Amino acid sequence: MPGLSYSSLLLVIAAAASLLTLLYLMRSRWRSQPEGLQSLLENDPQARSDLYHHLVVPLMVYEERIPSFGRILKLVLSHFRLEDFVQEKGFREAMQFLAESISQSSETDKAAAAMCTIVRTFLSNPNVEYRCRPHLQQLLDQFLEEIEQ
C-alpha cells in the first residue's frame, strides 16, 4: 500500500493551513454587521442610559418588519439626544406604547400609528430637518412604503 511521501504530506498540510488562514481572514464578510438601532447602541456612549434601554431597545423588535423605522431612529438619535424629544407628550406616549406592546401582535395598526407619530415628531423639528435632510427623505419614502404593507 503506497503511502504519502514526507514532501507530499508537507504540501497537503501547507495547503490546509493556507485554506484555514484564508477562511479566518475572510470571516468578517460572513459576520453580520449591526444596523439601525443596534449599531446606535453599540457606538453611542449616551445610548447606554436607562432612558434608552427603557424606550429604544425594545424598538429593535420592529426593525425586522420595518427596517427604515430603525434607520430613521438611528439617523436622528445619532445627531440629537433622546431627551430633546421625550418632552413632547405625543412622542413619549408613542415610544412607551411601542416599548410596552412588542409582544402584542394584534396591535399592528396602533403600532404603525405610533411609529408615524415618532417620525412626524422628528420631521416637525427644524433642527432635525436641517441636519438630516440628505438622508431623511429617502428613508421617509422607504418608511411609508413599508408601513403600507
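The buried residues of helix 9 pack against helix 5 (60-63), helix 6, helix 7, helix 8 and helix 10; buried here means under 20% relative accessible area, with exposed over 50% and partly exposed in between (1.4 Å probe, protein chains only). This is a predicted model, where local features need pLDDT of at least 70, side-chain atom pairs count only at pLDDT 80 or more, and totals for chains, interfaces and linings use all residues. Residues are numbered from 1 along each chain as its sequence is written, and side-chain values use heavy atoms, leaving out hydrogens and water.

**Overall makeup**
- The protein chain has 10 helices and zero strands, taken as DSSP runs numbered from the N terminus (helices H or I, at least four residues; strands E, at least two).
- Of the 149 residues in the protein chain, 34% are buried.

- On the buried list for helix 9 you'll find, among them, Met115, Ile118 and Phe122.
- Phenylalanine 122, setting aside neighbours within four places in sequence, is in contact with Ile72, Leu73, Val76, Phe85, Phe91 and Val128 (contact: heavy atoms within 4.5 Å).

**The core**
- The largest nonpolar core has 34 residues, and those with the most contacts inside it are Phe69, Leu82, Leu98, Ile118, Phe122 and Phe143.
- Helices supplying at least two residues each to this core include helix 6 (67-77), helix 9 (108-124) and helix 10 (126-148).
- Such a core is a set of buried Ala, Val, Leu, Ile, Met, Phe, Trp, Tyr and Cys residues joined through side-chain atoms within 4.5 Å.

**Out at helix 1**
- Leucine 9 lies in helix 1 (residues 6-25).
- Leucine 9 counts as partly exposed because its relative accessibility is 39%.
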